[in-house]
Amino acid sequence: MTDPQDAIDAAADARETGTDPRVYEQTAGNGEGIPFVGAGPGDPGLLTVTGRDLVESADLVVHAGSLVNSELLAAYCEGAETVSSIGKDLEELVPLMRDAYEAGDTVVRLHSGDPAIYGAALEQMDALEHEGVPTYIVPGVTSAFAASATMRTQLTLNEVANHVAFTRPQGTTLEPEDDHISEFVGMGDVTTCIYLGTHAVSETMDRLLADGHDPETPVAVVYHASWPDEEVIEGTIATIGERVEEAGYRASAMVVVGDAVGGEDYERSYLYGGWANGGNSDGSQEADD
Ligand SMILES: C[S@@+](CC[C@H](N)C(=O)[O-])C[C@H]1O[C@@H](n2cnc3c(N)ncnc32)[C@H](O)[C@@H]1O
């Protein structure tokens, strides 16, 4: 097998010289080869219909370990061999999937949430493609959306939050200078959704306080959104760290910072205010849906 790093470098070079023609072939959720499927946030009912059909007909499902609900595997992967990717590197994962695919098995790679968010899907796809195995992506419901549904709010809310940031805190993978949480929060009208930060809620909030952000800014931490043991911890930049520590969560939660958390003080949208029904004179703006 080619060194996965060489395969990744070759794919980057190829992207510099041109776009993969499959990009123009209606490939969201459609394709040939091994699908990289978003399993959604946990509830088996939040897997897409395409994703369910694919895992139901699979011989081998390589999944993201504890981030994929075992109820989903039990419900839809009864006929498949299921293998967790936790603790396996590319050098193990790629031949595992390639060999099964070349032997004629139907292989599915199941990522938690959506593969496009902190999923490390592309490097596996590039390495497989380099080995002659085609791949494609089937999107899923990312955990920020499940957390938003749990909180019965919107991540964008008229006059409250005009933008959403999907981000992660500094740590082993991210240098402090690449941690932009404070900048997002400082913008005021951004809902900041922090992935991979459950273990560091106190430190993250301490940095926000040190940077002078309003201690009363709402924060919610949604543990295992859409799972049977889901829990919501509410607080503010000043209080949430202690509450999460008391609850004992160290992983698998979404940290949402911003005024949209409480769903308060929004203005009704233009959409149901007669504006959209009247049409846009210049067609330059899209209405919310
Ligand atoms: C490696 S990232 C994968 C994210 C995933 N691709 C997605 O779209 O949700 C794992 C992080 O996603 C978040 N996460 C995943 N599932 C979650 C859930 N059901 N509820 C809350 N957060 C979740 C947590 O922040 C966790 O640390």
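This is a predicted model: local features need pLDDT of at least 70, side-chain atom pairs count only at pLDDT 80 or more; totals for chains, interfaces and linings use all residues.
Residues are numbered from 1 along each chain as its sequence is written.

- Nine residues of domain 1 are in contact with 11 residues of domain 2 (contact means C-beta atoms, placed from the backbone, within 7 Å).
- On the domain 1 side, the touching residues are six nonpolar, two polar and one charged (Ala, Val, Leu, Ile, Met, Phe, Trp, Tyr, Cys and Pro count as nonpolar, Asp, Glu, Lys and Arg as charged, and the others, Gly among them, as polar).

**Around the ligand**
- The ligand is surrounded by 26 residues, and the closest are Pro41, Gly113, Thr142, Ser143 and Ala225 (a residue is near when its C-beta atom, placed from the backbone, lies within 6 Å).
- By class, this shell has 14 nonpolar, 11 polar and one charged residues.
- Helix 6 gives the most to the shell, with three residues (helices are DSSP runs of H or I with at least four residues, strands are runs of E with at least two, and both are numbered from the N terminus).

- Five strands form an open sheet in the order 6-7-10-8-9, with mixed pairing (two strands pair if DSSP finds at least two bridges between them).
- Strand 6 (163–167) and strand 9 (231–236) stand at the edges with a single partner strand each, so one side of each has no neighbour in the sheet.
- Strand 6 runs parallel to strand 7 (residues 190–194), and five bridges join them.
- Histidine 163 has valine 190 in strand 7 as its bridge partner.

**Helix 6 and alanine 147**
- Helix 6 (residues 143–150) lies across strands 6, 7, 8 (218–223), 9 and 10 (253–257), at about 70° to strand 10 (axes are lines fitted to C-alpha atoms, for helices over the stretch in contact, and angles run from 0 to 180 degrees between N-to-C directions).
- Alanine 147 is found in helix 6.
- Alanine 147 counts as buried because it has 26 C-beta neighbours inside 10 Å (buried means 20 or more other C-beta atoms within 10 Å, placed from the backbone).
- Alanine 147 touches Val222, Ala225, Met254 and Val256, leaving out residues up to four places away in sequence.
- Alanine 147 and alanine 225 are 78 residues apart in sequence, yet their C-alpha atoms are 5.5 Å apart in space.

Methods: Two residues are in contact if their C-beta atoms, placed from the backbone, lie within 7 Å. A residue is buried if 20 or more other C-beta atoms lie within 10 Å of its own, exposed if 12 or fewer, and partly exposed in between; C-beta atoms are placed from the backbone.
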